[in-house]
Amino acid sequence: MASRLPFLKLLTYFGSTHHDEEEEEEEQEERRNRAGRLSRAAKMTVEPISTLERVISPSKPKFPKFPKVNLPFFKKNLQVKNTGNQTSEIPLTFKQNLKEQHFAVAGKQLLNREERLFSVKQDGVGSKKSLVEEEEDYEESLRKDFEELLEEVWLTVENSFEVRTENEKEALKQAVLVIQQEEEQDRRWEGVAEKERPPWRPRCCRQMHESLLQNMVQRRMEEATLDSNTDIKSSIQKEITGKGKQLKEDLLHIAEHVRSCYPEENVCKQYAKLYHQEFCAKLREITDYGLSDADCSHVLQWVNIHYPSILRRKELKGVIEYEQLEALLPANMLEPLEEQCLTQKENEVQTWCLNILKEEKAEPELRDGCYFSPLAIDAIECVHGAIRLAQEILGSCSKPQRITQQIKEFLNSYQDYLKNVTESNQGNSNAVLKANLLCIRQLREHIKTNQELFPTHIRTDCMDLLTNIRELCHGYFTTSIHKDLKGKYSKLGTREWLKHSERVCGELLDGVGTHIQKLTNLDKTCLQELISHLHKEVLAEYVRKTMKRKIKLEDEREQQQAAKALHDNNQKIHTLFTEAGSNLYDLKDVLPRLAEVLIIKDPQFIELELVNLSKSYPDFSEAHVRAWLHLKATLSTSERRMIKKTFSELREPNTPKETDYQAQDLLYSSRDFFSKVLVK
């Protein structure tokens, strides 16, 4: 049985404490003496029975009839008495019911006595001094019995957190029934004059019960032990965790063992509200004094993760509605904590990313025949982990998005780092850039796969930065290739090319093939991307050389010859690069469509073909039209002027919007091809 000390304060409501056994025996002796005096008085006045008995028994109360109490477990509270050959059943007395913890039956006995006694008072018992004294004694005895009953009831309620066995649960059920009976009795006495009702009415047991629960919860939370986890160093974290665990254990105990003892009310909800108030008060007290970064994160974790998970456990589902409780912390306290947490995460990510760049190895390692760098994996784990953790801590997916700004800053530094590598052109530059091409692809894939983590403008900026970084690395490899092929490029678009296009193109592609074979120790996908990049640049240089205005196709025969050369060369170029791994299959249409312009005679059909060409390749400009028409010497100046004018008028409305083709990776698109063909 729990300590009675907290309960004694509650008993001041009833006016006195419980009398001891010696006083009880003295009172019983006094009652017997008074009964004897009453009997003698009755004989002197020739009354057949005791006046008090007569007065109490037949009177009818002046308030509604007391309802029957449903006591499913104690329908008969009887004691068995043997009298010779017969066995009789005698109802248990109040004291016996109290001892057996049959509180509801004992309470009903007292309520019946209360009804009989105060029905007499309402009718009046006369002015005989002896009867008045007897009535007063009877009332005092009833009052003390009520006090004794309620003391046991409150102690039983106070013992709720020790309830485990069926007997303990039954005792608590009985205590709850007494509270209900008392509340009903209070309602029945409403409207009755104060002088005509018992001095202890209204007893307000419901209020007493709520006050007792509040005191119990407050005491248990105050006495909660600090968490014993040695990994937690902060005293604030130990205190919060300790109180949180106490709250969890107590609410689960109430749901499992105490809930059934309150069949007509949601006692779990009542307890949850009280614990919520205590936990709120403690968190607000702690927060009000300022917190370290670690303690700040711990508080936010309890607000957004641990505490909701406790109240949403399946054992509490349906009896506790977490969403209906007030916020643990008000907005004016929560927002500064969130800002502190985000700032701390941003600083952490910034520091980690800088360290990742500093630790980048000058000599990448070979894994499965490919140069490898852990830079991207480390950066992704660092940033992604920080964002996901911040989302959990803050209970929001949008607020931590600002952390991604640190990725943009990291990519700017990363670009500077690789730019230094390309410019230094040291012995390890080739290996470093090959390893980092894989890093670039991994970073791009991460951003594309986790778009919800990034605000739109940050995502766009990051993807643009990564495209530029990839172009930088690709350029390091392709620039040297183009430099080596410069002599072979120079023959394109010349009379030699027109007469011996197969040989000129063959020499060029032989040189390209030799360089492609040197591109080793690259991740397969990265190699395909590099070859695709080279494919686009080689073809763009081919077209640029033919637009250099080195020759004019004077007649239809030469135009047919040039168109055939374009078709034949295109097939060889396309075969070489696609077999090497290029994914730019759409580039196979560029040269044939330019060749088509050369063999068309009607200027209007030339206009139509050029406009259609600009629809497929939005970067095909007026400068490209002028350069290509220069080859067709058979066109008059006026015809050229009309074709260019018509193209200029029709091209603009049919040009796709920028977002239509920039939404995808331009490395895998041929739509920007003519942006690589630089003509005057």
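Residues are numbered from 1 along each chain as its sequence is written, and side-chain values use heavy atoms, with hydrogens and water left out. In this predicted model, local features need pLDDT of at least 70 and side-chain atom pairs count only at pLDDT 80 or more, while totals for chains, interfaces and linings use all residues.

**Exercise 1.** Determine where Thr404 is found and whether Thr404 is buried or exposed.

Solution. Step one: Thr404 belongs to the loop between helix H13 (375-394) and helix H14 (405-424). Helices (H or I, at least four residues) and strands (E, at least two) are DSSP runs, numbered from the N terminus. Step two: Thr404 counts as buried because its relative accessibility is 0%. Here buried means under 20% relative accessible area, exposed over 50%, and partly exposed in between (1.4 Å probe, protein chains only). Step three: the side chain of Thr404 reaches the backbone oxygen of Gln401 at 2.5 Å.

**Exercise 2.** Describe the backbone features of Pro202 and Cys204 in the loop between H7 and H8.

Solution. Step one: Pro202 lies between helix H7 (166-189) and helix H8 (205-222). Step two: the peptide bond from Arg201 to Pro202 is cis, with omega near -5°. Step three: Cys204, in the loop between H7 and H8, has phi near 55°, a positive value in a residue other than glycine. Step four: Cys204 is partly exposed because its relative accessible area is 22%.

**Exercise 3.** State the phi value and the exposure of Asp368.

Solution. Step one: Asp368 is located in the loop between strand S3 (365-367) and strand S4 (370-372). Step two: although Asp368 is not a glycine, its phi is positive, about 55°. Step three: with 81% relative accessibility, Asp368 counts as exposed.

**Exercise 4.** Find the separation between the C-alpha atoms of Lys317 and Ala255.

Solution. Step one: Lys317 is in the loop between helix H11 (293-311) and helix H12 (331-358). Step two: Lys317 counts as exposed, at 70% relative accessibility. Step three: Lys317 and Ala255 are 62 residues apart along the chain, and their C-alpha atoms are separated by 9.9 Å.

Notes: Polar contact = N/O pair within 3.5 Å; in protein donor to acceptor, adjacent residues only side chain to side chain.
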